[in-house]
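Please read them with the sequence and the structure side by side.

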Amino acid sequence: MGTPTRRKSHLLLLVAVALVSSPAQISARGSPATFGPVFEDQPLGLLFPEESTEEKVTLACRARASPPATYRWKMNGTEMKLEPGSRHQLVGGNLVIINPTKAQDAGVYQCLASNPVGTVVSREAVLRFGFLQEFSKEERDPVRTHEGWGVMLPCNPPAHYPGLSYRWLLNEFPNFIPTDGRHFVSQTTGNLYIARTNASDLGNYSCLATSHMDFSTKSVFSKFAQLNLAAEDTRLFAPSIKARFPAETYALVGQQVTLECFAFGNPVPQIKWRKVDGSLSPQWATAEPTLQIPSVSFEDEGTYECEAENSKGRDTVQGRIIVQAQPEWLKVISDMEADIGSNLRWGCAAAGKPRPTVRWLRNGEPLASQPRVEVLAGDLRFSKLSLEDSGMYQCVAENKHGTIYASAELAVQALAPDFRLNPVKRLIPAARGGEIAIPCQPRAAPKAVVLWSKGTEILVNSSRVTVTPDGTLIIRNISRSDEGKYTCFAENFMGKANSTGILSVRDATKITLAPSSADINLGDSLTLQCHASHDPTMDLTFIWTLDDFPIDFDKPGGHYRRASAKETVGDLTILNAQLRHGGKYTCMAQTVVDSASKEATVLVRGPPGPPGGVVVRNIGDTTVQLSWSRGFDNHSPIAKYTLQARTVPAGKWKQVRTNPTNIEGNAETAQVLGLTPWMDYEFRVLASNILGTGEPSGPSSKIRTKEAAPSVAPSGLSGGGGAPGELIVNWTVSCGDGAEALWRDRSCPRPVPTHPRTQNSPGESKPILYRSPEPRVAPTKVWAKGVSSSEMNVTWEPGQQDTNGILLGYEIRYWRAGDKEAAADRVRTAGLDTRARVTGLHPNTKYHVTVRAYNRAGTGPASPSANATTMKPPPQRPPGNISWTFSSSSLSIKWDPVVPLRNESAVTGYKMLYQNDLHPTPTLHLTSRNWIDIAVPEDIGHALVQIRTTGPGGDGIPAEVHIVRNGGTSMMVENSAISPAQHPGTILSPSVAMLVLVGYLDL
């Protein structure tokens, strides 16, 4: 099987090769710098004006190659004859067309670049010729209609390519018709529409058509046509749509889409647009005769409706936008070196709409299945490669919207064994009683057959000696008798070679004093002893690791020190131990020939870690119910919890009264008492054990306690003054629970003087009760859009200024299509924010939405309803087959992609929640692929990872794995969200992981 590599040097043999002992090779690549053509510049499509004064057109082509490439060109699939003195000249690789004409030169062009390695074909470039003829010279017939009616004046543009833009003149240049609600110029047909004519429209009209090409612009005028108006018809009549967009509009992803809609009517109709199967994006919602989507995407596909409305009625038209896409590579081929006689599989894949077809080229010519070569759409398979298979290959993906090319070189090698790059090590030291592996890796193609000898004795496999399939010699339980010369012999049909090394046996390294396990408290210091013996002719080095990760003794401000008095002593001292210093310590005594190691476990006890997932429920006027999840106990049982609260936004954290008063360490919920009604709060939880109190949890979401009747009567009642017929009464509101003053002045640091004015008729003694009425104005421009399978965003604009009371916020009512509004669910916002996210919805469901303002007296009138449809639910399967690999400072994680079912939403990426033993707060990583590389601290030992899909429907089910750094590659432990079994290295309990995900994956 071939593997992609960097290009290597090769020697091209032009003579027959015999089996000789000297190195030899055959390759398609030739000299060390030989490689096939790689395009650096390819031709682009060009629009050439027929009336241009330019005398030539240049189509670019340049390729990097060694030896340098030669160039040919094809036009409409046929190779061109580029002869000296002809109109078609080859300049470098560029094609120059002199005095181009449409009849001779319009077509599809491709460049072919070749050298001895092979040939590649460029992308297609279409040369088109643009033109705009003059309008007909014939006089135009007058147009007659009644004043007050609508009228259309046809443009009838002349023959042209490509499309045109249009404007209309009235009577003389440059008196252009304005674009307003009464006039409309279609950029599709050029026709002028007037919704309702009046006396100012009398006159002569001319259509101005303009062509915009790559490097020229041309405009032409039509003959004037007179508009005559008969007696005014004052009747009112309903809208009638005259400029209609098509029933189907096709567009490519990224293009601008424009739909036109204009109606006659009296009064002049108002135009409105809506998406029948969704909501219009606020970015391009409009009340104009055109609906423009600047960069269309697949989400914009659907049915659109234009509505024209006036006081006499309405008219509508519908049409569908169908979004398609040019081919785009998902997987491409890359340069490959492969041994002669081996098998090879190449693959490429492309996306597009319609789905692209895939074909293959070899040296610019179509490649079909044949003996030893199998072509299966995007797969190309070779069996028993031969030198003739070398060359340049291209994978071509195409649909009706375009064609893309991916190119790569295949170099088939035939090499005699050669040890010059990888000889057997000349001196091979080994430890007595140990094991040694001596590699034999000559460069050879096909793979060489390997034999080993000691002196003149050929070695065969035994209980102590093994020659592996890759040619490595392994000797076990080494003794002095194993010393001597060892030779590797390598041979294939191209030749043979050998390489020799000398094995020298040394005394083994042994641990004489091993470290002992220990149990310490946070802040203590500890020394782990480690002594060793070794061969005196060699240097001895001690290496310490924590959970299989090397300890960095040179880190500034580090906690580790090691003894340096004797070569055989490698004691490790831990100063001011922290929680992260707990784990498995390994002392390794090492020489160049062998090593010995011993392990010890250090347990560091400390105050608890922060609790997680603080949730507030059962909100009352003075009480709430608080729940949380246990954090790490850090090897000392949690004894109690303390709850704290603060008022938002600037309050300080204070301990609160609770029920029960003393919260034991096994509790995960408690009631908070003594809160102030109608107040915004945040809460947090602290855990304590015998070693102290740990870090607090993160703050809960902000909540507001419920209203309550005042518990303290007003004071300081007084009165007097005022105008005749008016009584002024003064009093002071104290800061009692539930006092109205708390809503007006949330901090309430001092009594609030209040001055209501009451007016009575002379002689009346009954009091007047003042109550602000509900809001009278409905919000406008309500827009709703499903953002996941259970959520939608709602935005609106406040109504015009409403003086009825103090606005507290907005109430959103939403109900499923087919239900009655009386069954609507409701959610309220606080304050003047004009956007909200509604949660807890059913997947793939259409909802109706209205918004109302509310104050203390109640809710106001409803806005016009908007519609939104939630997304399909996310896939209900977690990522599987998770594997990971550690490097010195990074962690690479891979998993199988999740493929959604038909009733599930697409997967656009993955979310990974990562937590290690150094930082208890998880971090969230996003990726669009099924793998991720993240930087990790050098001294981490354990990590917990949760991976789930994400997409339009929200987040999927997580897969959870527990990772222990061991210096190698590990495979998936779990295939579902079920937590793995706990063990001493676990860093996050299942309940903590679940509740942390609630906060960190809600994106």
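1. Of the 1003 residues in the chain, 45% are buried, where buried means under 20% relative accessible area with a 1.4 Å probe, protein chains only. This is a predicted model, in which local features need pLDDT of at least 70 and side-chain atom pairs count only at pLDDT 80 or more, whereas totals for chains, interfaces and linings use all residues. Residues are numbered from 1 along each chain as its sequence is written, and side-chain values use heavy atoms, with hydrogens and water left out.

2. The chain contains 3 helices and 88 strands, taken as DSSP runs numbered from the N terminus (helices H or I, at least four residues; strands E, at least two).

3. S39 pairs with S47 (residues 495-506) in the parallel sense over 5 bridges, and alanine 431 stands opposite arginine 506 in S47.

4. Another open sheet, of 3 strands, has antiparallel pairing and the order S40-S45-S44. Its edges are S40 (436-438) and S44 (465-467), each with a single partner strand, so one side of each is left without a neighbour in the sheet. S44 is joined to S45 (residues 473-475) by 3 bridges, the two strands running antiparallel, and the bridge partner of threonine 466 is isoleucine 474 in S45.

Terms used
Two strands pair if DSSP finds at least two bridges between them. Buried means under 20% relative accessible area, exposed over 50%, partly exposed in between (1.4 Å probe, protein chains only).
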